[in-house]
Amino acid sequence: MNFVSMAYAIRTGPVRNQLLCLAVFLLVVALCPLVMNDYWLRLMVFVFVNIGLASSWNLIGGFGGYASFGHGVFFGVGAFAGAVGMVRFGLPLPAVMVIGGALSAALAALFVPVFRQKGLYFALSTLAVMLVFETVLQRWTFTRGLRSYDLGWTLAPSLPLEGFFYLFLGLLGLIVGSIIVVVRSKIGYALHAIRKDEVLASSIGVRTTKYKAITFMISAAWPGVLGAAFAPFLAYVSVQSVFDVSITLNMILITIFGGAGTVIGPIVGGIALSIIDQIAWGNFLEYHRLIYGALIVAITTLHPGGLASVFWGWVERRRSAAKPVPRPSAPGHPPTSAPRRA
Amino acid sequence: MLKVSNFRGGYRKGVAVVDGLQIDLRQSAVTSILGSNGAGKTSFLRGICGLLPWRTGEVELNGERLDRLAPHDIARLGVRMVSEGRGTFPTLTVEENLKVGGYGLSAPVLATRMEREFNRFPRLYERRGQIAGMMSGGEQQMLAIARAMMSDPRVLILDEPSQGLAPIIVDQIFDLIPRLTQEGVQVLLVEQDVGRGLEVSEQAVVIEKGRATLSGPSRELLADPRVRESFLGLS
Amino acid sequence: MEDVLVYGLLRGGIYALAAFGFSLVLGVIGIVNFAHGALVVFGGLLTQYLAVKFGVPYAAAMIGGALGTGLLGAVIQRLFVARTFTLEPLMVLVQTFGIATVVTELGTLGWGSEERMLRLKTGLPPGFMLGDTFVPSFDLVVFAVSLVSAAVLFVVLGRTEFGRAIRACRDNRESAQLSGINLGRTFEKTMFLSGTWAGLAGAMFVTLSPVAPYMHFSWTVDSFLVITIGGLGSMLGALVGGLVFGVLSFGASFYAPTIAPAITFGVLLVFLVFRPQGLLGAGPAIRK
Ligand SMILES: Nc1ncnc2c1ncn2[C@@H]1O[C@H](COP(=O)(O)OP(=O)(O)OP(=O)(O)O)[C@@H](O)[C@H]1O
Ligand SMILES: [Mg+2]
């Protein structure tokens, strides 16, 4: 079996095979601490978090077609939950992770009335929520906003570096695994219908509001969990550090760079961008947002399908060159590799 | 004189909805295109106007090639289409709709043309300040035709002008078509009512699945047993 | 209470100006322009730059700032949005989000990230009393100018061939093309109008309050709130929405500064639940 047909078989094959691939990938990555020093391990943790965040964004943005422009809020809320929970209430890490995820999901549940309206309301409301949280947390004494006696929260790292490495690797596995399962579940089919034609979907009885809300809650809960776990790793949490707009920017860029609406997209995008970051502009920190913004504009304008669509386009060409018979209809819906024309 | 040859076109790459059609309006004032639902009639007309996602073949108007032009350039050269379902501007008034039809004309020309259309359709004059979206189907059809005529087109394309209208309005519209041709405009007509379409036209083309299956003088087609059987329900 | 009403209304004119373009682009091109707030800020800073750096008189600087912003809008349309607006809405949203970031970061590189304000010496009397409320005369003049600008936009859209073409494209793109209207050019002009009035809003706001690049998303969100309150797709709705929003946001930051943004967002949710068509009802359907 050659590479092309293997890739195709995995994409269209049963969920079990995809999860198996994920497990193999995680196992290989789990060997990294044997050969890597602390610098690289820290870097890997950032890569895991970025991929995890982007994959979460991809669930509602890529698969659902509803872009969230305040997704960083859920990470920030999680990080604050972690910081406040551990410092003020002395809670253990697993507890604050659950709390962070639950808080984020609850916040996402507030969007139900927004989901009843046209898509543009969602996009703008998420942006509004980000501004609201940034301002309110900055001014609220309970969260030690700027007006208070302290500028932020300092945490003792509760795990050794390897511990964090495996924690975030495990979380990444859970996130990607859950997305693989969700995408092939009833929710995934509903999302596919919604993204293709929402009016049609609801007219044939798909309960669009319900599925959008569930998806958004899942997609918000994971960044909350990641944020809470990230707080002790970062050791210092403030509005500036965890509510920065570049966190949202990162999620979007990584997803569309790799390919929105594909499971593999955020993983490929996260790895590729981290490599580029390391060799090209890790040193241009003050231009970071500018470069990321410019990349987003370039990809959406020139190649909206991202790397994944380049790859699958190549696979499709190889396959049709190999056997010019009509392609058998694949089980499951075909992943959307290129955006449809409206 | 509109001439179309080897025309192919469609919505998705590689799928031709219109597959190798020719028509030549030279000899006739009114030409009708017949075909069952989904035969590709609307797609063909949209293709002539430059609105299909892809198209190949030649479209010529008095020797000038139109097939590479954008829709607005084709319209400016004198090919005007009244779309299926009329396509009036619902939030613009009747007068504003007509002015858009004469887009680019100077104010005095606009005024005389508008007067001409109001004479043709007194009903529109009565409702000149009305929002188009609030008008009846028949009124909207008149408005759509008047809007197209504002530019003094050389070719007027009518896509199922009788669709969804009361019989008395349909009669009016079919009475109108020969009068339009007296003003020097050639008409390309798609019509569900094949009998009427053939009566009013001199030439006709029957298309099926994007290809021409029959064509010729309308009088001959009216007598053709295949047409009588499949379109007129006679034998 | 009267204070809040008066000051809120005076600011509201500017919010309305900012929202017109956002609403217009949404209705005509069918896209949400996340870079709209960046255009408002750009207009304010450009005006301030022209006035301070080159000593251009304010009125000229304002017009220069507005036209410059309009031009930026048209360029964004031609180079970027024109290629993507027919794709699914997601991509245009993401794209304009990226454009907003780029414009803002470039602005920060060029003009710095600090807040700037343009204080004008007008020679006007400081103000007068309206009942118990002091009304600053400069703010009143700015309000009057914003109403005049709104009227000019209404005339352009309602009475000129240019405005008719824009409305025709909004109502039915294909019919507009079949009538000889160039869709791409019309969209560029729409973006130009949108940018020009956004720039005007910025140019006026910078004389009353500080403006800095980081504020661009607030302007985008505020424009959105204004048209949600007033009603999507209606220019008159944007005017009413702007005035209401002015009072609302001024009141919120006056009475509860800590949670002011949360209050305005709460109002948005209330509108979405109870009156999604806004105060002035819905105009033509917006596609996305
Ligand atoms: N916007 C579109 N996108 C994709 N396919 C289309 C589109 N419009 C029409 N088609 C397809 O093109 C074919 C021809 O359609 P068309 O509308 O041209 O037929 P028609 O002859 O005008 O039919 P009718 O008599 O019902 O108006 C049909 O198979 C239809 O499904
Ligand atoms: Mg048709």
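Author: Buried area is the accessible area, found with a 1.4 Å probe, that two parts lose on being put together, summed over both. The structure discussed here is a predicted model.

Reader: About how much area do chain A and chain C bury between them?

Author: The interface brings 43 residues of chain A into contact with 44 residues of chain C. Of the area buried between chain A and chain C, 79% lies on carbon and sulfur atoms. The total for the two chains is about 4,100 Å².

Reader: Which residues form the salt bridge across the interface of chain A and chain C?

Author: The rule finds one salt bridge across the interface of chain A and chain C. A nitrogen and an oxygen of the two side chains lie 3.5 Å apart, and the cut-off for such a pair is 4 Å. The residues are Arg289(A) and Glu105(C).

Reader: Which element gives the largest share of the side of chain A that touches chain C?

Author: The elements of chain A that give two or more residues to this side are α4 (38-63), α7 (112-115), α8 (119-139), α14 (245-258) and α16 (288-302). The largest share is 13 residues, and it comes from α8(A).

Reader: How many nonpolar residues does the side of chain A that touches chain C have?

Author: Sorted by class, the side of chain A that touches chain C has six charged and nine polar residues. The nonpolar residues on this side number 28.

Reader: Is Gln140(B) buried or exposed?

Author: Gln140(B) lies in helix α6 (residues 137-149) of chain B. Its relative accessibility is 15%, and the cut-off is under 20%, so Gln140(B) counts as buried.

Reader: Which residue has the backbone oxygen that the side chain of Gln140(B) reaches?

Author: Leaving aside neighbours within four places in sequence, Gln140(B) is in contact with residues including Arg86(B), Thr88(B) and Met135(B). The backbone oxygen that the side chain of Gln140(B) reaches lies at 3.2 Å, and it belongs to Ala132(B).

Note on methods. Residues numbered from 1 in each chain as written. Chains lettered and ligands numbered in written order. Predicted model: local features only at pLDDT ≥ 70, side-chain atom pairs only at ≥ 80, totals over all residues. Heavy atoms only, no water. Helix = DSSP H or I, 4+ residues; strand = E, 2+ residues; numbered from the N terminus. Buried < 20%, exposed > 50% of the residue type's maximum accessible area, 1.4 Å probe, protein only. Polar contact = N/O pair within 3.5 Å; in protein donor to acceptor, adjacent residues only side chain to side chain. Contact = heavy atoms within 4.5 Å. Nonpolar A, V, L, I, M, F, W, Y, C, P; charged D, E, K, R; others polar.
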